[in-house]
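Reader: I am new to this structure. Please take a close look at the contact between the chains, then show me what lies around it.

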Amino acid sequence: MKLSKAFSRSLWAFHFNSGSCNGCDIEVVATLTPRYDPERFGVKLVGSPKHADVLVVTGPVTHKMAPRLKRVYEQMADPKVVMVVGSCGSSGGVFYDSYNLDGPVDEVIPVDVYVPGCPPRPEGVIYGVVQAIAKLERLESEQ
Amino acid sequence: MSEDGKKKASYNVPIGPIHPALKEPCLFNFKMNGEVVEEADFAPGQAHRAIEWMGMRRNPVQIVHLTDRICGICGVSHTLTFARCVEQIAEIEVPERGHYVRTIIAEYERIQSHLLWAGVAAHELGFDTLFHLCWRIREESMDVIEYLTGNRVNYAIIQVGGVRRDFTEDQFPRIEKSLKYYEDLVGKMLKLFLEDKTISLRSKDCGVLSYDDALQLCCVGPTTRASGVNMDVRQDAPYAAYGDIDVTAVLPDVYGGGINGDVYDRIVVRLFEVVQSVGIIRQCLDQMPVGEVLWEKKYPKILAACKKAVGEASASVEAPRGECFHYVRMNGKPEPEAWKVKASTYSNQLAWLKMVTGEQLADLPIIVASIDPCMSCTDRVAVVRNGKRDVLTKEELHRLSVEKTRRLMQ
Ligand code: SF4
């Protein structure tokens, strides 16, 4: 991973809650606030998937949210990376046997980075972002 | 506005249901006349994960980890309520010290939740510096929670029959340090929120919920207290260690301004509840008895007691957002036969309809956020005008709100 190149432009993320317990969402926001401050490196949340490089998905994908998740994914421009934050999005987690899930996330859209934990610590989320940057670089060099 | 520009026709603004950070994402529909909301309606239920259904297939010792995840912000309240139900049915007695540990954690949860909310409220008003400040000082409570329980979120500390971890003497100085930290900050926070001209202009007389409406809609928690209803489960039906501690419901007149039931009053109530929580934790530390914290150390024994239990019980707990209520029925099996959860936002949601009617579109973000529905519910808005549909994102709505703040300041 060539750090300097990656930081030549900022990484924008769109956050999608697919029915999570809020734990991961709060930790994603906590990651963005002054203690960790990834905005130093241009990492920030944006309000539209069309502007985003990374799709951050939390939650186990309920029936109602599945078509919306697909739509949001399709709206993003290539190259794009999908990052799942949290165990329930990665595997179902505590909600594994629920009747109302279409997830985990990788059964609905392709996933590149998994951040395990229920919820993961902000440091974990930041590590996931670094992996996402590495993946984006690879995708770009292939283009 | 209709094509000729003369006659005003109302139009619909649906908001949601995709919202990146909501426990109960919901679809709003606002009937607008120009900038003003004429009528409002909403449809919750998008994040249904079938928690009760799953719970009825697990045993109580497992369920406490599921209840933590009903809500990542106020998980302790749900777990505590559920544990209290099962304890009543199985006649399990929680040791005194266990009650105190529960109380301390519940109050830390309230502190972090209210600070989180204060940050979101500031963000919705376009005051992002304050948003970041709130979340910065919230980290102090997160640190203490992690120090005491091992987790930042979903603490997994409450078990049927008590708590899973005790506090040790050498942890007290760290707790004390955090209490001091918040006490020193109180003056600053009150000044920033309550004396700020912009915040007053945007939040006073905005999203008003009258005393009668709050009573009729059965609102709970800070939302109802801001309208002057003197109600707090910790005061009215004490549980855990609250019986030994003096708690009285915080009403907005603590700050001198009288009771108006507007967004400003909701800010007042929540800020003063943070002060109150610091006081409660301090009292708990002073009075904490020594002894066990869990009814029985061996979980299989707790499970065996639950398996034998027959009966039904309900319990409520004052969560950061208001009363959280659970009902459980056990029938001699490991799994509960019935389990019903009523979270606080459920009771408060209907108040939105009263609050937003007659308000402007730009005020919606702060009004919707003011009941603390875990987060604001305004990710995405589609405006239907003359059959044409353009989409307003949360950011645009936020921009509208910020612009209104600017206009007011000129
Ligand atoms: S992974 Fe855990 S904390 Fe995160 S949303 Fe899922 S249940 Fe909540």
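**Where the chains meet**

Author: Between chain B and chain A the count is 5 salt bridges. A salt bridge here is a side-chain nitrogen of Lys or Arg within 4 Å of a carboxyl oxygen of Asp or Glu. This is a predicted model: local features need pLDDT of at least 70, side-chain atom pairs count only at pLDDT 80 or more, and totals for chains, interfaces and linings use all residues. Residues are numbered from 1 along each chain as its sequence is written, chains are lettered from A and ligands numbered from 1 in the order in which they are written, and side-chain values use heavy atoms, leaving out hydrogens and water.

One salt bridge across the contact joins the side chains of B:Arg152 and A:Glu27, at 2.7 Å from N to O. Side chains of opposite charge can pair when their charged atoms come close. Chain B and chain A also have 8 residue pairs in polar contact, both residues at pLDDT 80 or more. A polar contact is a pair of N or O atoms within 3.5 Å; within protein, one must be able to donate a hydrogen and the other to accept it, and residues adjacent in sequence count only if both atoms are side-chain atoms.

Which parts of chain B touch chain A? Helix H1 (51-55), helix H2 (60-67) and helix H5 (128-149) of chain B each give two or more residues to that side. Helices (H or I, at least four residues) and strands (E, at least two) are DSSP runs, numbered from the N terminus. H5(B) supplies the largest share, 9 residues. By class, this side of chain B has 22 nonpolar, 9 polar and 12 charged residues. Ala, Val, Leu, Ile, Met, Phe, Trp, Tyr, Cys and Pro count as nonpolar; Asp, Glu, Lys and Arg are charged; the others, Gly among them, are polar.

Now the totals. Chain B gives 43 residues to the contact and chain A gives 40. Contact means heavy atoms within 4.5 Å. The chains bury about 3,500 Å² between them, with 58% of it on carbon and sulfur atoms. Buried area is the accessible area (1.4 Å probe) that two parts lose on being put together, summed over both.

Next, the chains themselves. A:Glu27 falls in helix H2 (residues 23-32) of chain A. H2(A) lies across E1, E2, strand E3 (54-58) and strand E4 (81-85) of chain A, at about 140 degrees to E3(A). Axes are lines fitted to C-alpha atoms, for helices over the stretch in contact, and angles run from 0 to 180 degrees between N-to-C directions. Chain A has an open sheet of 5 strands in the order E2-E1-E3-E4-E5, with parallel pairing. Two strands pair if DSSP finds at least two bridges between them. Strand E2 (44-45) and strand E5 (113-115) of chain A are the edges, each pairing on one side only. Strand E1 (residues 12-17) of chain A meets E2(A) over 2 bridges. There A:Trp12 stands opposite A:Lys44.

The loops of chain A deserve a look. A:Asn22 sits in the loop between E1 and H2 of chain A. Its phi is positive, about 90 degrees, although A:Asn22 is not a glycine. The peptide bond from A:Asp78 to A:Pro79 is cis, with omega near -10 degrees. Another cis bond joins A:Cys118 and A:Pro119, with omega about -5 degrees. Most residues other than glycine have a negative phi, and most peptide bonds are trans.

Back to chain B. An open sheet there has 3 strands in the order E6-E7-E8, with antiparallel pairing. Its edges are strand E6 (310-319) and strand E8 (338-342) of chain B. E6(B) pairs with strand E7 (residues 322-331) of chain B over 10 bridges. The two form a hairpin with 2 residues between them. B:Glu318 stands opposite B:Glu323 in E7(B). Helix H3 (residues 75-90) of chain B packs on this sheet and touches E6, E7 and E8 of chain B.

The side chains of B:Asp166 and B:Arg97 form a salt bridge at 2.9 Å, N to O. B:Asp166 is in the loop between strand E5 (162-163) and helix H6 (172-194) of chain B, and B:Arg97 is in helix H4 (residues 96-124) of chain B, so the pair ties together parts 69 residues apart in sequence.
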